[in-house]
Structures are given as structure tokens and as C-alpha cells.
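Please keep the sequence and the model in view while reading.

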Amino acid sequence: MSTIPALGTLSAPYAPATRPTFYFIGVTTAKSSIMKVFPEWARHLGLGDVEMKGIDFVPHDDPARYREAVTFLKNDPLSLGALVTTHKLDLYDACRDLFDEIDPHAALMAETSCLSKRGGRLVCHAKDPISSGLSIDGFLAPGHFARTGAELFSMGAGGSTIAITWHLMQASRGADRPSRIVVSNRSQARLDHIAAIHRRIGAHIPVEYRLAPDPSDNDAILATMKPGSLVVNATGLGKDAPGSPLTDAARFPEEAVVWELNYRGELVFLDQARAQEKARRLQVEDGWTYFIHGWTQVIAEVFDIEIPTSGPEFDAIAAIAARATGRG
């Protein structure tokens, strides 16, 4: 069986792939656990002689750079597809005319987290609604919102918060939806974007869009949240950039469920939550399971295979990742 060589990052100008290649478009891709995990998953899943390469951009990069990368991927025969993180909204906005197909989630949310090819056509997908939903339903007790009347506070108005709010707004959840949703962000444009998406969804849940240029602004919002609320760091702070969206003076609601979407980096927000975990009776979650679901959803799409979302095979895939990174 072929072995997979050391993985690395690419930068423009892009050289044609010499073997089937899967890309990771992010900010600091070489530091991601996926660089250790993917070769083990590829062997386990029987993907054959494949390779992974990272492509790094700074957040909100020049649209021309996104277009150069997507044009290369679209036209290079051995480039199979990509997972996109951090740049989901910006890459979609810069490259939407380059996609031959756009799935319904991507069209609604104006983002892409996955690029794949079918019959030579480049397809844009938004997988976050699926992966975030699987993650939430995995750690949140059934009927949590219906039982507690709790709310959702998501800091950061990018693709992850769009996906999380979409999932929790679904009418099929009945009474098990947040009684109020608050989304904060450092810039108004992102708040306007997510507000427009929520209007299209048409969910009948009170939503507040709060400009929070300083962490102390998020502290003040946090102080208004009900006990049991779901509090999410979806800003990228702690991974893509240093820091936390909260100050150390922030006080979490009692019995809150605190979700740090990151699983690597400084994770200051996670440390802040853990410091209050016992006193405030918090349930604290990091982004590891989100990482597993996010990647397996994209790998399944790009390689056109079935990967279970639960059960023994999913557990085996998660265990492989844990061993590869020393987490297990």
C-alpha cells in the first residue's frame, strides 16, 4: 500500500498536483491536528494514494487571492476538493461565479465550507449546518431549551454562528429552541449579513444583533443571559488570533453550556469557562467533536463515500484521530 508523504502548505503560484490531492484552506493549516489525522483516516477509509495540502490566507484576504486558489483547484485534474475554514463567507463572495453548482445550504448562507468535483464540475457546499447540528445534539441534553427556557449567545457572526442558529431555529425542534438568540460581532457588516439570512429563514424567535467591538461589550451581554443558556465562542479568537471575546471579569450564567468551537491554540475562552465550571455549575465543551464531524462530512463529500455520523464506525474514526494527536 502506498504511504502518504509529509503534508505541507501551498502558496501561489500553484503547481499542478501530481497525485490525487485534497486541500485545507485556512489560516494556520500546518498547525491543525488534521495534518496528523488525515493520513491515518485515509488508510482506514481506503482512500488510496491521496495527499493533503494546506493553503493559508489571512482572515478577510484579498478576493483575488481566493479566486486564484479556487480557479487552480477547479482546473487542475488531480485536485479533488477542499475544506474551507475561517474564509467561508469571504471565499464564497469572491468566487461564487466560479462554482458550477451551489448547494441549498450554501446558497442560503452565502458561504462555503466544502468544495468538491462531480463530472468535472466544481460544487460549492455548506456543511456546517450538518456538522454543527450533529455536535450540538451530541452534547446538549434532549429537550434542553424546552425544559429550561434558556437562550443562545453566540459571539462572532461568521459561518459557524450562521450554521448554529439555523440548526436551533428549525421549526421541527418544536419547543426545544432558544427563547432568545443574541449574536455579537466586532463589525456591523457581518451582523447585517446574518440578520438577512435569519429573515429568509423566517424563524419566529427573538434575535438581537449586537455590535461588540470590545470584549467588555460581550461581558455586558453575557450578564443578561438566562441560567442554562448556550454560550458560544465562534470568533476564532484563541486559534486564528490571540485572546478571547470576553474579559476575565466576565461571569457565565449559572448552569450554562459553554462551547468553545476551537480545539487548539491558546483557548483563553475555554480557560475562562473552566475557571468558573464548578462555582457556576457549567457544562464546558471544546471543539473536538465539531472538528471530527466537520472533517468527516467534507471527506465524505469530496471522496464520494459514506461515513457514519454515529455508531461503532464513527467511534473508530474518532479514536483514530485521538490516537494520532495524543488526545486519546
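Predicted model: local features only at pLDDT ≥ 70, side-chain atom pairs only at ≥ 80, totals over all residues.

**The chain as a whole**

The chain contains twelve helices and 13 strands. Its radius of gyration is 19 Å, close to the 20 Å that the globule rule gives for 328 residues, so the chain is as compact as a globular protein of that length. When contacts between residues at least 6 apart in sequence are considered, 75% of them join residues at least 24 apart.

**The six-stranded sheet**

In what order do the strands of the open sheet stand? The six strands follow the order S10-S9-S8-S11-S12-S13, and their pairing is parallel. Strand S10 (207–211) and strand S13 (283–285) stand at the edges with a single partner strand each, so one side of each is left without a neighbour in the sheet. From one strand to the next, the twist averages 15 degrees.

Helix H10, made of residues 268–276, packs on this sheet and touches strand S8 (152–155), strand S11 (230–233), S12 and S13. The direction of H10 makes about 160 degrees with that of S12.

Strand S12, residues 257–260, pairs with S13 in the parallel sense over three bridges, and S11 and S12 pair in the parallel sense over four bridges. Some of the bridge partners are set out below.

| Residue | Bridge partner | Strand of the partner |
|---|---|---|
| Asn 233 | Glu 260 | S12 |
| Val 257 | Gln 283 | S13 |
| Val 258 | Val 284 | S13 |

In a regular strand the side chains alternate between the two faces of the sheet.

Which residues does Trp 41 touch, not counting residues up to four places away in sequence? They are Ile 34, Ile 292, Trp 295, Thr 296, Ile 299, Ile 317, Ile 320 and Ala 321.

In helix H1, the buried residues are Ile 34, Met 35, Val 37, Phe 38, Pro 39, Trp 41 and Ala 42. Just after H1, Gly 46 takes a positive phi of about 70 degrees.

Helix H3, residues 88–95, has seven of its eight residues buried, so this helix is largely enclosed by the rest of the structure. The buried residues of H3 are Lys 88, Leu 89, Asp 90, Leu 91, Tyr 92, Ala 94 and Cys 95.

**Two residues in loops**

Gly 228 is found in the loop between helix H9 (215–222) and S11. Is Gly 228 buried or exposed? At 3% relative accessibility, Gly 228 counts as buried, because the cut-off for a buried residue is under 20%. Leaving out residues up to four places away in sequence, Gly 228 touches His 144, Ala 150, Glu 254, Glu 255, Ala 256 and Val 257. The C-alpha atoms of Gly 228 and Lys 74, which are 154 residues apart along the chain, are separated by 45 Å.

Lys 127 lies in the loop between strand S7 (121–125) and helix H5 (128–139). At 10% relative accessibility, Lys 127 also counts as buried. Apart from neighbours within four places in sequence, Lys 127 is in contact with Ser 113, Cys 114, Gln 297, Val 298 and Glu 301.

Key. Residues numbered from 1 in each chain as written. Heavy atoms only, no water. Contact = heavy atoms within 4.5 Å. Pairing = 2+ DSSP bridges. Axes fitted to C-alpha atoms, helices over the stretch in contact; angles between N-to-C directions. Rg over C-alpha atoms; globule rule 2.2 N^0.38 Å. Buried < 20%, exposed > 50% of the residue type's maximum accessible area, 1.4 Å probe, protein only.
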